[in-house]
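Please open the model in a viewer and keep the selection panel at hand. The stops below say what to select next and what is to be found there.

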2 protein chains.
Amino acid sequence: MSELRQNLITRDWVIIATDRAKRPDQFANPKQLVAGLPPHRPDCPFCVGNEEDGTLETFRLCDRTGWKVRAIRNKYPALSPTTERMRISSGIHRTMSGIGVHEVIVEHPRHDLTTALLSIEDVANILLAYRQRYSEIRKYPHIETIIIFKNHGESAGTSLEHPHSQIAATPVVPSQVRSRIDEAIRYFDDTGDCLFCRTLEDELAAGERVIFESKHFVAFIPYAALSPFHIWIFPRRHSSSFDDITDPEITDLAYTLKTVLAKLYYGLNNPDYNYNIRSVPTTEQGTKYFHWYVAIIPRVSKQAGFELGSGMFINTGLPEESAEFLRSIVIPTSKDLG
Amino acid sequence: MSELRQNLITRDWVIIATDRAKRPDQFANPKQLVAGLPPHRPDCPFCVGNEEDGTLETFRLCDRTGWKVRAIRNKYPALSPTTERMRISSGIHRTMSGIGVHEVIVEHPRHDLTTALLSIEDVANILLAYRQRYSEIRKYPHIETIIIFKNHGESAGTSLEHPHSQIAATPVVPSQVRSRIDEAIRYFDDTGDCLFCRTLEDELAAGERVIFESKHFVAFIPYAALSPFHIWIFPRRHSSSFDDITDPEITDLAYTLKTVLAKLYYGLNNPDYNYNIRSVPTTEQGTKYFHWYVAIIPRVSKQAGFELGSGMFINTGLPEESAEFLRSIVIPTSKDLG
């Protein structure tokens, strides 16, 4: 018998296909673990020595050996800050000029690494770049929503090998974001509590879907996870926007994110995945009803006609079993790796 | 400069990436057109002669030569009608038993055909099966929403070659469906008109996004199409639910659907796609504010972290250019095909 579960934060209903649930390890990537990439490629625009002339660079974090992380304006941006703001309503059509920001974060000088294999310090550098860019971009005119995201692997929407992530700022609040905020406000008005804080409390009390806990963060599979190994990382401290993160929290999130991604890497054989960091719209900074968080979506299943036609999901992994599986994955230490 | 467009029916914002838009033919499937499937496979459960014992069959349309279309209960259903209804609210968790219906429509006895290559009569038979099953399933207890959908090809979520589609009935109204209905009601309350009828009127007046018109149906690419070649087929007559379709409309929809899918088949080299038929929830049958329609989503682009993290979309095809391209595709007649 299958079971329907509703995620109160997204209000999505999910069919948890308990009858035909797969074992967690059946979601592992059938491809080989090590893709055998070179540490440097002469034709990669993100590799050391191949940097563009610098006019696109917006941020650079360096040590004595050179840059560690860079932020650059996307050469082919979906949204651009130099566009003039124009909004037209004509009949039922709403149109707006593509004003906004679209930057790329080059995460590491090495071509062949991925977050799961980086040091905590390296991951913290990426998060520092995110915070710096988020804080800066928030000051640009006409920005409403800032999304930080990463596409890892071809089925997650990237063909670029060099480790990178992106930051996009839109001049509208997407309707999906708006409706989730409306739900969070309704819950706050009803109870006086943040729905996300309450969810975290419940997940910690239940324990069975928690994957990893650190001082400031908790990684868990939501009760109504939309897809197998769909993971949320929540900060324990209530805060509505990522750029409010403190330095000790950055280090701790680096530790948490690296650990969770390494568990996916070793447990599911380096699956393709996306992650994104969701914050409240910039004009609502500092609210009590919204809580920023990281969502990780391994691409181990496909949306088909049912999902596209209903907005509901069928999850063939049991959240409790998936969490238990990831808890059990031991990350090899550098010594084990030789 | 890119442009943002809002789809008023879904309220989704889409970034139309005019700057980096691809030419329509660049979305063509790089694989070969003819997959070279055999007309019959001894190991295919949907092929003639391999039918299961018949206890799963719910509908069969025959002529003197045998069955033309069959409906069978899914052997591994996501939702089942024999489940007892149970709904539990515990804290912030909402759970419900997996009551509902999940059937497969075997579209044709031949293993190697696809809708684009079928005769209009064959496609009409599939639609007749849809109507019969929709009408029957609507009478089952606890059904709220019925979705008819098809997954064509691996990236659309199927690994079964034999032409088939599915019908699923859920015991809840999915939140995405609910929020679209709320929008449609708001528009109806504001104007006294059906938002879908109004959209159709506007698209016919503009003309540039229309792909194909028949007596009872219009196929067009929405102004704010979420992805390249995202197509809607609207009935001209206002009706909120698919099972209200008349016999002449069935024949005409078969003609329209076949034509549009054949244009995709020949124009884009048999791309993978999903289609779904959206109706109002069963308990709201006969409303003035909702209009049933067919949505076709060719899988020529991928959702990545931006889409997953914002609910917005980036479309690298211009709706007007995509429509012009499909209008220009001539479908070979059987004589041309030899």
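Two strands are said to pair if DSSP finds at least two bridges between them. The structure toured here is a predicted model.

**First stop: the two chains**

Colour the model by chain. A rotation of 180° with 0.0 Å of shift along its axis superposes chain A on chain B, with an RMSD of 0.0 Å. The two copies are therefore related as by a two-fold rotation axis. Both copies use the same surface, since 100% of the contact residues of chain A recur in chain B.

Next, select the residues where the chains meet. Here 62 residues of chain A are in contact with 62 residues of chain B. On the side of chain A that touches chain B, 26 residues are nonpolar, 24 are polar and twelve are charged.

**Second stop: a sheet shared by both chains**

Select S15, S2 and S1 of chain A together with S6 and S5 of chain B. These five strands form an open sheet in the order S15(A)-S2(A)-S1(A)-S6(B)-S5(B), with mixed pairing. Its edge strands are S15 (313-315) of chain A and S5 (87-90) of chain B, each of which pairs on one side only. Neighbouring strands of this sheet are turned by 25° against each other on average, direction ignored.

Now follow Arg5(A) across the sheet. S1 (residues 3-6) and S2 (residues 13-16) of chain A pair in the antiparallel sense over four bridges, and the bridge partner of Arg5(A) in S2(A) is Val14(A). S1(A) is also joined by four bridges to S6 (residues 93-97) of chain B, and these two strands run antiparallel. There, Arg5(A) stands opposite Thr95(B).

Continue from Thr95(B) into chain B. S5(B) and S6(B) pair in the antiparallel sense over four bridges, and Thr95(B) is the bridge partner of Ile88(B). The hairpin of S5(B) and S6(B) has two residues between the strands, and Gly91(B) in this hairpin takes a positive phi near 60°.

Ten strands of chain B form an open sheet in the order S3-S4-S7-S9-S8-S13-S14-S12-S11-S10, with antiparallel pairing. S3 (57-63) and S10 stand at the edges with a single partner strand each, so one side of each is left without a neighbour in the sheet. The twist averages 15° from one strand to the next. Helix H3 (residues 195-206) of chain B packs on this sheet, touching S10, S11, S12 and S14 of chain B, and its direction makes about 70° with that of S11(B).

Select S14 (residues 293-298) of chain B within this sheet. Six of its six residues are buried, so the strand is largely enclosed by the rest of the structure. In a regular strand the side chains alternate between the two faces of the sheet. Tyr293(B), Ala295(B) and Ile297(B) are buried on one side, and Val294(B), Ile296(B) and Pro298(B) are buried on the other.

Select H6 (residues 319-328) of chain B. Pro319(B), Ser322(B), Ala323(B), Phe325(B) and Leu326(B) are buried in this helix. Seen down the axis of H6(B), the buried residues fall within an arc of 160°, so they line one face of the helix. Their cover includes S10 (210-213), S11 (217-220) and helix H4 (247-267) of chain B.

**Last stop: Ile167 of chain A**

Show chain A again and select Ile167(A), which is found in S9 (residues 164-170) of that chain. Is Ile167(A) buried or exposed? Ile167(A) is buried, because 23 other C-beta atoms lie within 10 Å and a count of 20 or more is required. Leaving aside neighbours within four places in sequence, its contacts include Glu103(A), Tyr130(A) and Ile148(A). Ile277(A) is 110 residues away from Ile167(A) in sequence, and the two are 9.6 Å apart in space, C-alpha to C-alpha.

How values were computed: Residues numbered from 1 in each chain as written. Chains lettered and ligands numbered in written order. Predicted model: local features only at pLDDT ≥ 70, side-chain atom pairs only at ≥ 80, totals over all residues. Contact = placed C-beta atoms within 7 Å. Nonpolar A, V, L, I, M, F, W, Y, C, P; charged D, E, K, R; others polar. Buried ≥ 20, exposed ≤ 12 C-beta atoms within 10 Å, placed from the backbone. Least-squares fit on C-alpha atoms with pLDDT ≥ 70 in both. Arc of directions from axis to C-beta. Axes fitted to C-alpha atoms, helices over the stretch in contact; angles between N-to-C directions.
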